[in-house]
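Trainee: I am new to this structure and would like a close look at a single part of it. Could you take me through the aromatic rings and what surrounds them?

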Amino acid sequence: MITFNNIVSKFEAFCTDHFFIKTFSYGSPADVDLDKFEQYPLLHLVYTGGDYNSPKAKTYNLEVYILTLPPSEADKNAQQKEAISDAEQVAEDILADIQNGGNIFQFGFHYDLVNASVTPLEEEKSNALAGCLLDMAIQVPYTYDSCNAPLTGVEPEGSTTPSFKARGLLRVREEDGSPDVLSVATINVPNGSLTDDGSGEISLTFGGDADTAEKIHFPIRNDEGATIAAGTPLYSRGEIGGSERIKVGIADASDPAKMPAIAIAETELTTTGNAKDGFGIVSGTYNTNLSGFTGLEENDILYVADGGGLHQDKPTGTNLIQNVGVVLKTNGTICQGLKVSCIGRSNDVPNLPDGKFFIGSATNTATSAYGLPTSDPSDNETLVYNSATDAFEAGYPISTGQQTIFQRFSPSTQRTLSIGLNAWDFGNLLGGGVTFNNAIRAGAAFGFAQVATTLQASPITVNSDIQVEVKYEITLDTAGVCVPSVTTKTGFFGQVAMTFPTHTAAGTTTHTVTSNTSQALFYQISNTLAFQFFSNVTGSYRIHYIKVTIDHA
């Protein structure tokens, strides 16, 4: 804490070093005695009292008498005028030294001038002192615990040093937020200003007028483990405590973990010493020369490069794309001016591998697991999936490994069953009532002629498996014999075997008959299948459906 003793010492030092003042004293105004002093001019300091009305500050009210003794034989008026003028200049020297933190009242001792006034002093009598009276108030930091209290058993005992010191009661902290800086003599604000609004609030502005700021930047620290060149795009590696200084590394378009870029380095950042700290430019004009380009032109866009740094070519392949600026000036190999715009995200549609595309997903848009052809297909080609390449390719359908199901439902009307041979009629498609439940795979085809008694099928691959299923309903008017059977089977249907029940009782019965699973042993063009009933009594029948299942080889 600064005491009156400290203030007296400073005034005494001021008088000792001042060319004009010859004598210093302090006490009450009555202590100024002509017989006591031998050398003039003199400076006499009077302490008139103090107060603690300002937060964390103490105010000292002082009277400073600056006097000289004119020669008795001289022109009294002229000498008094000269004495007052000289004294006021000394008073102004004191005020300037306190206010500006100069030679005696230094910043390190934290004096702050609150107010001051000056009054001329002159007498009509001869052999009287003349000069001026400087009334002033100075303020010093006071936190009520700046020294140890002389009390026994008090906890805590007080701090040995002030928790902070600052010119004008401004608190200053180190970059990581702690501890407080004990003494600050100078605050540098490059390209900016400090403004006191009069209520103790200090505003710090960078770049001059906000309307004409050259750039926006923020404090950073090199966390790459290697020197970072000026102009290098940077990605965030976290903040240093609560200091608002961001640890950075070199952004790399080929590594999503090192993207996006949040700024470019304003200066070279080393790994040790003060130069490891600097600023990252987010937006604005950057006029530091950046070399390593070929064929660079004005208005070229510079991107975060694969492997780090800047390049005028947009990244390709699976690299992320982020442009960070527009070239303002160049000689072809050096970027001499750059308009920086580092928005902190990839700002272009990401690259995709050949044939890939974006597809919706539960976690937002994702890259497709499969691809599409990147060249023009030929006429009549379609897209065929190839599991070996995990992509759809232009080509012709294949059926290998697939299953075909042909299922035809017949009309619900009964058909007459006469004595003798009766061909199964699966229903006239044009007559209505016929429906299908098909899953026809590539290359397979099935159908009936207009008279729907014989099923026809296209060829299938050798070693494919075939199975046939029929469901029918038969009604005999009287007891007798009715025997269903396969009457025609050619091609791959030739190996199909089906066992039907013999119907003898009058009335209606419904049956579902499934064949064995046969195999196509040869590639055959004609593949047909037909059924019949042999009956010795009359009646009726209805075909519910016929179903053919093929597992393609």
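Mentor: Happy to! Let's begin with a term: rings of Phe, Tyr and Trp (its six-membered ring) pair if their centres lie within 6.5 Å, and planes under 30 degrees apart count as stacked, over 60 as edge-to-face and the rest as tilted. By that rule the structure holds 18 aromatic pairs. Take Trp424 and Phe426: this pair is tilted because the ring planes stand at 50 degrees, with the centres 6.2 Å apart.

Two notes on the source before we go on. This is a predicted model, in which local features need pLDDT of at least 70 and side-chain atom pairs count only at pLDDT 80 or more, while totals for chains, interfaces and linings use all residues. Residues are numbered from 1 along each chain as its sequence is written, and side-chain values use heavy atoms, leaving out hydrogens and water.

Now back to our two rings. Trp424 and Phe426 are both buried, where buried means under 20% relative accessible area, exposed over 50% and partly exposed in between (1.4 Å probe, protein chains only). They also belong to a cluster: ring pairs link Trp424 and Phe426 with Phe448, Tyr472, Phe500, Phe531, Phe533 and Tyr541.

You will find Pro484 in strand E29, which covers residues 482–489; helices (H or I, at least four residues) and strands (E, at least two) are DSSP runs, numbered from the N terminus. Pro484 counts as buried because its relative accessibility is 4%. Leaving aside neighbours within four places in sequence, Pro484 is in contact (heavy atoms within 4.5 Å) with Trp424, Tyr472, Phe500 and Phe533, and also with Pro501, His503 and Gln532. Pro484 also shows how the chain folds back on itself in space: Ala423 is 61 residues away in sequence, yet the C-alpha atoms are 9.7 Å apart.

For contrast, look at Tyr523. Tyr523 lies in the loop between strand E31 (518–519) and strand E32 (527–535). With a relative accessible area of 55%, Tyr523 is therefore exposed.

Finally, step back to the whole protein. It has two helices and 33 strands, and buried residues make up 36% of its 553 residues. Among contacts between residues at least 6 apart in sequence, 63% join residues at least 24 apart.
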